[in-house]
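Here is a short briefing on one part of a protein chain. Keep the structure open as you read, and find each residue as it comes up.

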Amino acid sequence: MKNRRTRSKIKNFIGKHLFIVLLSLILLIPFVVGLIFAVPALRNLICIPSVDVLKFYGTALGVFTSFGIYTQERRKERIEKQKDLAPKLSLKVDKKDGLFNIKINKMSDKPLCHMYLYDEYISAELKEELNVTYGQTSNKKADVNISDDGILEDDGYPKYIQILCEDIDGNCWDCEFDKVNDCGKIYYPLTQRYIP
């Protein structure tokens, strides 16, 4: 178990700092070449002059650096685009006789589609209002009934509300709204928004 964690930490470090790790390795190459050519027995095994080896690695370093910069810029552009397309939602929840009226306020003009409430498919487009029950067999006023797997707390309100939807690029967004009890008033602010 410890071995797995160590390997996982190493992979995460290399994944996050791949550019720096590879750049460090490339910068060490001239010293390694110098050491190889300093040992007469190894120098005779290599048929290429040390200057040509260093020229090759200098070119490789230039290509690698250009590719690294290009990759980083593309990644930054992708992250900025995702931030721009991320759903900006707020909820207002009212409860009456076990029926929750969830009003969804979309605070951006970016289109969202394929709406889910928890694991239940709701519609092809984001709805502005839902009537929801938790753990009830039937209620004609409800748009959807969510099986209560410990979602409802002792006060009768769900501890969180989860809405999943897609942006125009096809990214599925998981938006979680955790319950806040402020002196008896229940609010559901957006606490997490990410692409699973």
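Leu164 stands opposite Asp174, which lies in strand 8. Keep in mind that this model is predicted.

**Strand 8 and strand 7**
- Strand 7 covers residues 160-166, and it pairs with strand 8 in the antiparallel sense.
- The pairing of these two strands runs over 7 bridges.
- Strand 7 and strand 8 form a hairpin with 5 residues between the strands.
- In that hairpin, Gly170 takes a positive phi near 90°.

**Strand 8 and strand 11**
- Strand 8 also joins strand 11, through 4 bridges.
- These two strands run antiparallel.
- Glu176 has Gln192 in strand 11 as its bridge partner.

**A closer look at Thr191**
- Thr191 sits in strand 11, which covers residues 190-194.
- Is Thr191 buried, partly exposed or exposed? Its relative accessible area is 40%, so Thr191 counts as partly exposed, between the cut-offs of 20% and 50%.
- Leaving out residues up to four places away in sequence, Thr191 touches Glu176, Phe177 and Asp178.
- Thr191 and Phe177 are 14 residues apart in sequence, but their C-alpha atoms are 5.5 Å apart in space.
- The side chains of Thr191 and Asp178 are joined by a polar contact of 3.1 Å.

Technical notes. Residues numbered from 1 in each chain as written. Predicted model: local features only at pLDDT ≥ 70, side-chain atom pairs only at ≥ 80, totals over all residues. Heavy atoms only, no water. Buried < 20%, exposed > 50% of the residue type's maximum accessible area, 1.4 Å probe, protein only. Contact = heavy atoms within 4.5 Å. Polar contact = N/O pair within 3.5 Å; in protein donor to acceptor, adjacent residues only side chain to side chain. Pairing = 2+ DSSP bridges.
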